[in-house]
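I keep these notes as I go through the structure. The entries follow the order in which I looked things up.

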Amino acid sequence: MTTFTTFFLSRIIGRKVFDTHGKVVGIVKDLLVDPDSSNQSLGRLLVNGIKIKCKNQIVFYSFQYFHIEKIKGKIKVFCNQLVELSIDQVTSNLYLVDAVLDKQIVDLNGRKLVRVNDIRLVSLANGTFTVAVDIGVEGLLRRIGIVKPFKFILSLFGSKIPAKFILWEDIEAIDFSNLNIKLSKSYSKLQTLHPSDLADIIEDLGRKASAEVFSALDEEKAADVLEELETDAQVHILESLTIEKAADVLDKMPADEVADILDALEDDKAELLLNEMEKDTSQEVRELLDYPDNSVGSIMSTEVLSFNENKTIEEVLNELREKKPDTETLYNLFVTDENDLLIATFSLRDIVISSPEARISQIMKPSPIYLHDYQKIDEIAENISKYNMLAIPVVDSNEVLQGMVVIDDVIEDLINRRRMNK
Amino acid sequence: MFRNRKAFFRRFVLFLAILGPGIITGSVDNDAGGITTYSVAGAIYGYNLLWTLIPSFIVLVVIQEMNARMGIVTGKGLADLIRENAGVKVTFFIFIGLLVADIGNTTTEFAGVAGSMEVFGVSKYISVPIVGFLVWFLVVKGTYKIAERIFLLFSVSLLMYVVSALMGKPHWSEIGHSIVHPELKINTQSLAMIIGIIGTTIAPWMQFYMQSSVIEKGLKMKHYKYLLIDIFVGCVATVVVAFFIIVACASTLHESGILIKEAKDAALALKPLAGALASQVFAFGLFIASIFSATILPLATAFYVCEAFGFEAGIDKKWDEAKEFYVLYTGILVLAAAIILIPNAPLILISLWSQVINGMLLPVVLVCMILLVNNKKIMGKYINKPINNIIGWSAVVILIGLSMILLLLPWLSK
């Protein structure tokens with residue numbers, strides 16, 4: 001064949017399949033695509049199986065011997081030979097009707113969930129491929145079967161139905177909750193999304209799909225996403241994971257975020273998770289959990305870096321390179337004496353503009369503003385805005401440095417409270 | 001002892017936190033359309049239609065329980081589930097029906113606003129535009145949650161109908177007798193009334209609303225017990241209020257032979273029979289119920305239609321992000337308010353027929369629901385027990401039967 005045929009999935013579902021003698025073989029029920037074929041074919045997936053209903057029986061055939069032609073504007077399905085698909089392929093393939101059509105998929109460019117109204121495919125000499133998903137009104141009307149009269153009426157007014165397509169390489173199918181088989185899908189395209197976007201998407205998914213997508217993420221990504229989820233969703237996700245896996249993810253998160261999540265879980269469950277987590281992390285979390293709900297201690301971050309005032313900038317830099325701290329931790333640095341008492345603060349800026357030989361004592365800002373761990377949360381915002389700070393150190397009643405409150409946490413707290421009042 | 005009390009307190013707090021989906025749904029249920037239907041039923045048929053509330057109650061509880069269970073297990077809205085499992089055509093039919101019925105219902109809510117304010121001497125050309133704008137503003141400006149709570153508080157005023165009914169000195173022995181032995185002629189009018197009562201008590205859009213609020217609250221299987229209590233309380237409240245509205249109108253209007261067409265007429269007619277206070281209480285309840293539903297109904301409708309057809313939706317989205325949603329929402333409100341403002345609009349007809357469309361749409365939604373809730377792929381081990389199915393399917397059969405008879409009766413009686 002030299003020509004190619006493009007067609008919509010909805011146009012061939014329910015069509016009769018003809019063999020070489022022009023006899024009806026059965027009715028098309030679904031197309032199966034190979035989810036791993038995207039590498040060779042520009043992100044498109046190769047159709048390699050077809051689900052057919054003949055004489056009240058469902059059979060799966062290899063698509064290799066099938067071809068699709070457009071005859072006088074009508075789509076027809078022909079087959080030269082009937083070869084049954086191997087069980088292996090039946091269970092490992094992606095079903096277009098069952099798992100994509102009418103389901104929600106992730107639009108990777110728009111970073112949101114969209115609903116699939118139709119699927120556009122192309123038949124080439126080397127096989128049939130998925131091209132794009134139709135998420136527009138035209139797809140809906142086509143499915144209902146009134147697209148032609150609609151187009152005609154609109155053409156009288158010189159306008160068109162706006163078409164909305166997303167190329168196959170820019171989507172990821174995710175909702176397989178209707179299938180009994182479990183696909184070993186990597187959701188590799190999802191890994192490229194920002195954790196916040198991914199969190200929004202997971203929140204919008206149903207119970208099963210959200211748990212599945214989450215458990216397919218690698219631990220680092222999973223930890224970042226979990227941090228961004230709303231409390232309800234966090235609880236649901238943690239409950240859907242095994243204790244070991246959940247503990248592994250929590251280990252990768254900052255202690256204050258873990259404490260917040262565990263606070264929302266039932267006590268027994270939280271205890272199980274704490275026991276499963278690594279010792280140092282769980283110890284920190286336990287300390288945080290002991291703080292009352294509206295105290296500074298309950299929202300502070302315990303990951304802080306503190307130095308002795310006699311160290312040189314050179315030494316500080318070396319230590320930072322070795323520890324590779326998070327951005328937040330890196331920006332706000334503290335000076336403590338041998339008893340861990342807070343005596344001063346300095347910032348990344350101070351380091352950058354000083355010479356390597358300078359000592360911390362020369363650049364630090366003594367008598368810092370700080371909060372006590374049992375102070376009320378309300379007082380943080382006031383202090384932060386009054387002194388134009390990005391973070392405030394937190395000390396206990398003996399002035400020993402415990403952690404810091406970052407402006408991010410304060411904003412989160414403010415937003416939550418505003419939402420409560422709504 | 002102390003531990004026990006603490007445990008009880010904790011459980012009570014948990015219940016309060018979960019409280020809502022069933023009770024709010026129940027309150028919205030007794031909207032202007034409901035109050036009108038109940039009043040007219042009471043005025044025309046006296047106590048003879050009270051019995052319909054008993055099967056309505058049973059079906060209401062069973063349906064809402066199914067919705068709650070589906071919401072908990074799947075975390076997906078009913079519109080989502082129908083779209084994903086029944087395909088585009090069925091979805092299209094249901095949601096066109098729902099849209100038409102809900103525009104009719106919203107019109108009825110504004111009729112309620114207009115009518116109740118006229119009892120207090122405010123012209124509808126003033127009350128309807130103001131209320132319409134307030135409702136729109138409230139939702140679009142995102143203070144919807146506060147509004148919902150205030151309305152919930154106000155909806156306690158619906159219990160005022162109990163007072164209103166008692167002021168009319170109902171005959172309790174007669175009520176008891178009519179529930180057991182109703183005297184009813186079967187004709188187009190009485191059948192439409194019965195379907196109307198069922199349709200307004202178990203409005204189809206509520207199934208969608210119920211399931212969404214369960215999801216929004218993030219409820220889990222472990223909350224199921226409390227949710228059941230919530231549903232039960234909500235349904236009891238709905239039916240009790242309906243009961244007393246019918247009784248209030250039956251024991252006064254029906255006995256004096258006064259025929260009414262609107263809920264407003266009921267409020268006005270109550271004045272000489274049960275006193276000015278009873279009349280004003282009736283009107284105030286109508287007003288609150290109308291605004292409450294006029295807020296929730298267009299919003300919910302726009303939301304489900306968008307959910308089913310894959311448009312962006314939600315009041316946390318900006319206008320540009322969710323254009324279809326806002327256009328739909330605003331469109332329903334404007335259309336409904338505009339119909340009311342047309343002089344001599346056939347309000348009673350609109351009201352009655354939107355209830356009848358509800359009654360006819362209900363079996364379709366119910367069939368979808370029962371099929372979904374029995375689908376092992378979707379519900380896993382939480383599929384329906386036989387008793388749910390028996391009640392659900394009987395409701396479907398009876399409703400379809402009633403609708404068919406209603407449609408055929410005009411030809412049969414010729």
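**Entry 1: a strand and its partners**

I began with strand E11 (residues 118-124) of chain A: five of its seven residues are buried, so the strand is largely enclosed by the rest of the structure. Buried means that 20 or more other C-beta atoms lie within 10 Å of the residue's own; exposed means 12 or fewer, partly exposed is in between, and C-beta atoms are placed from the backbone. Helices (H or I, at least four residues) and strands (E, at least two) are DSSP runs, numbered from the N terminus.

I note that this is a predicted model, in which local features need pLDDT of at least 70 and side-chain atom pairs count only at pLDDT 80 or more, while totals for chains, interfaces and linings use all residues. Residues are numbered from 1 along each chain as its sequence is written, and chains are lettered from A and ligands numbered from 1 in the order in which they are written.

Which strands pair with E11(A)? I found strand E1 (residues 5-8) of chain A, antiparallel to E11(A) over four bridges, and strand E12 (residues 127-134) of chain A, also antiparallel, joined to E11(A) by seven bridges. To count as a pair, two strands need at least two bridges found by DSSP. Ser123(A) is the bridge partner of Thr5(A), and Ser123(A) also stands opposite Thr128(A) in E12(A). Two residues lie between E11(A) and E12(A), which form a hairpin.

**Entry 2: domains and another sheet**

I looked up the division of chain A: domain 1 (5-171), domain 2 (193-290) and domain 3 (305-421). These bounds come from an automatic or database domain assignment. Taken over C-alpha atoms, the centres of domain 2 and domain 3 of chain A are 26 Å apart.

I then followed an open sheet of four strands in chain A, with the order E15-E16-E17-E18 and mixed pairing. Its edge strands, E15 (305-307) and E18 (365-366), each pair on one side only. Strand E16 (residues 332-336) and strand E17 (residues 342-347) of chain A run antiparallel, joined by five bridges. Phe346(A) in E17(A) is the bridge partner of Leu333(A).

**Entry 3: one side of a helix**

**Entry 4: the cores**

A nonpolar core is a set of buried Ala, Val, Leu, Ile, Met, Phe, Trp, Tyr and Cys residues joined through C-beta atoms within 7 Å. The largest has 138 residues, of which Ile245(B), Ile246(B), Ala266(B) and Ala302(B) touch the most other members. Helix H14 (residues 276-309) of chain B gives the most to this core, 22 residues. Apart from it lies another core of 70 residues, including Val77(A) and Leu262(A).

**Entry 5: a residue in chain B**

Last, I checked Leu409(B), found in helix H18 (residues 386-412) of chain B. Is Leu409(B) buried or partly exposed? Leu409(B) counts as partly exposed because it has 16 C-beta neighbours inside 10 Å. The C-alpha atoms of Leu409(B) and Asn187(B) are separated by 7.3 Å, though the two are 222 residues apart along the chain.
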